[in-house]
There are 2 protein chains.
Amino acid sequence: MCQLLGMNCNGPTDICFSFEGFCARGGKTDDHKDGWGIAFFEGAACRVFLDDKPSATSAIAKLIREYPIKSTNVVAHIRKATIGPVGLENCHPFTRELWGRHWVFAHNGDLPTLKSGSLGTYRSVGQTDSERAFCLIMNQLRDKFPQQQPPMEELFPVLQEMTQAIASHGIFNYLLSDGKHLFVHCSTKLCYIVRQSPFAAAHLIDEDLTVDFQELATPCDRVAIIATTCLTDNETWTTIQPGELLVFQDGLPLIFQDDWACKVSRY
Amino acid sequence: MCQLLGMNCNGPTDICFSFEGFCARGGKTDDHKDGWGIAFFEGAACRVFLDDKPSATSAIAKLIREYPIKSTNVVAHIRKATIGPVGLENCHPFTRELWGRHWVFAHNGDLPTLKSGSLGTYRSVGQTDSERAFCLIMNQLRDKFPQQQPPMEELFPVLQEMTQAIASHGIFNYLLSDGKHLFVHCSTKLCYIVRQSPFAAAHLIDEDLTVDFQELATPCDRVAIIATTCLTDNETWTTIQPGELLVFQDGLPLIFQDDWACKVSRY
């Protein structure tokens, strides 16, 4: 299996602290050492760093830990290969352009019965079930909304329906972002924390490192961190329920009402 | 304007030496300091490093200069902004997936009269004429060959025709790669060199650095380097003629005969 790390914020924020602990799981405190990747959205732009080396020892991961890139949406992944060989083309996150925006996707789990389906607009470059699932989502979204990105209340139920269909093929924990929203689906294991004022200190589980966000953050900052398992041992993480699809925007999960109109939750 | 650097080889090769000299032009020996980018193909995989900082001082460019990534096709670009503001979304190379392969593109020149056209499958994320031209090429190739990548003798004349049409809007020097081939179009200024046995020493123009390829390369290695202006002062670079579209494969330009059947040139 693999591990996921995501961040969604109301302003550009660096992920150095969380990435430090996450990275250690790629060959140091855990055995997810078959490559890693991280995507940073900066405005409309998206840059992705990939490596097929273990994140704990990768020179590129070292740069990311030490070079603070400020981003509003981050999707990161450390891989333990199951379906698809070890190789750079099979490192998550995967990216495609849809409706003039970059979309990025990372997956944890196996989808052994998911077929590649007919040849759509988006096709896999590598051999993973994960990239196949991502292309399927992109193809179905494009088919359903060929002209432009629909409002969230139209997009969400469509994404939820296709997510459930794909999840029936196995385990489908994923992070998906268009640079504004971070879609988070839990099939078996995902949790999150929202850090906002009043801020406190946080201590990593995987490294003996503490950061006092009170010293670093301003009262307006709000940051949601999503991970396969919690990254800190002195904060309360919220477990996402199996089958749940969340959408984070500006550092908060949106709440959908019965008519699918969405509101920002009062966290 | 901007500057281009490309590499096409018959085996995985690092570009550290050429990138060292090229990088210096982004804020040190020249003023192309509005961002830079480099794409490395490694098998089917492609990883892209982008930065809106000058390449001469960028921490990510420093990593690339010092961390040898071995690749068969490289496309790099340093930007001096003309059309489209300075920003990460406007840094080249741009990437899209077509026929299950990654494609990367970088452009030097201005295309002031190129319209965005109707909304096709591929759309721009940023504001440059360059990304618009790239999307136009991708859309037209997909429209012409919807199912799969055609043989080179079918692809080449189609690409040449659409290149000429776009070039009529201004200056259109470009590098385009699908990971196997490197397409090189000269509108005003591009040159190349093929390094192969017997190898010799090369000395950079932009930095006082010499590398003796005889010590580093094996007799089978063949590497083509393409650049806006020559990078070394003790080698003979070949000027590409305005209007010429070349295709490099395995470190050599292909030669097309009248019936478009292509052969590897006897260099």
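This is a predicted model: local features need pLDDT of at least 70, side-chain atom pairs count only at pLDDT 80 or more; totals for chains, interfaces and linings use all residues.
Residues are numbered from 1 along each chain as its sequence is written, chains are lettered from A and ligands numbered from 1 in the order in which they are written, and side-chain values use heavy atoms, with hydrogens and water left out.

In chain A, seven strands form an open sheet in the order 3-2-4-1-12-9-13, with antiparallel pairing. Helices (H or I, at least four residues) and strands (E, at least two) are DSSP runs numbered from the N terminus, and two strands pair if DSSP finds at least two bridges between them. Strand 3 (45-51) and strand 13 (238-239) of chain A each have a single partner strand, so one side of each is left without a neighbour in the sheet. Strands of a sheet pair through backbone hydrogen bonds, either parallel or antiparallel.

Strand 2 (residues 36-42) of chain A pairs with strand 3 of chain A in the antiparallel sense over seven bridges. In strand 3, A:Phe49 is the bridge partner of A:Ile38, and A:Asp51 is that of A:Trp36. The two strands form a hairpin with two residues between them, and A:Gly43 in the turn has a positive phi of about 65°.

Strand 1 (residues 3-13) and strand 4 (residues 71-78) of chain B pair in the antiparallel sense over seven bridges, and B:Thr13 stands opposite B:Ser71 in strand 4.

Helix 1 (residues 16-24) and helix 2 (residues 59-66) of chain B pack at an angle of about 150°, with their axes 8 Å apart. Axes are lines fitted to C-alpha atoms, for helices over the stretch in contact, and angles run from 0 to 180 degrees between N-to-C directions. Helix 1 of chain B is therefore roughly antiparallel to helix 2 of chain B (over 145 degrees; under 35 is roughly parallel, 65 to 115 roughly perpendicular and the rest oblique). B:Cys16, B:Phe19, B:Glu20 and B:Cys23 in helix 1 meet B:Ala61, B:Ile64 and B:Arg65 in helix 2, contact meaning heavy atoms within 4.5 Å.

The 16 residues of helix 4 (residues 152-167) of chain B should span 22 Å at 1.5 Å a residue, and its end C-alpha atoms are 21 Å apart, which agrees; the expected span is 1.5 Å times one less than the number of residues. Among the buried residues of helix 4 are B:Leu155, B:Phe156 and B:Ile166.

A search of the whole structure finds zero disulfides over all chains, a disulfide being a pair of cysteine sulfur atoms within 2.5 Å. For A:Cys16, the nearest cysteine sulfur, that of A:Cys23, is 10 Å away; A:Cys16 counts as buried at 15% relative accessibility. The sulfur of B:Cys191 is 5.2 Å from that of B:Cys230, too far for a bond, and B:Cys191 counts as buried at 8% relative accessibility.

How values were computed. Buried means under 20% relative accessible area, exposed over 50%, partly exposed in between (1.4 Å probe, protein chains only).
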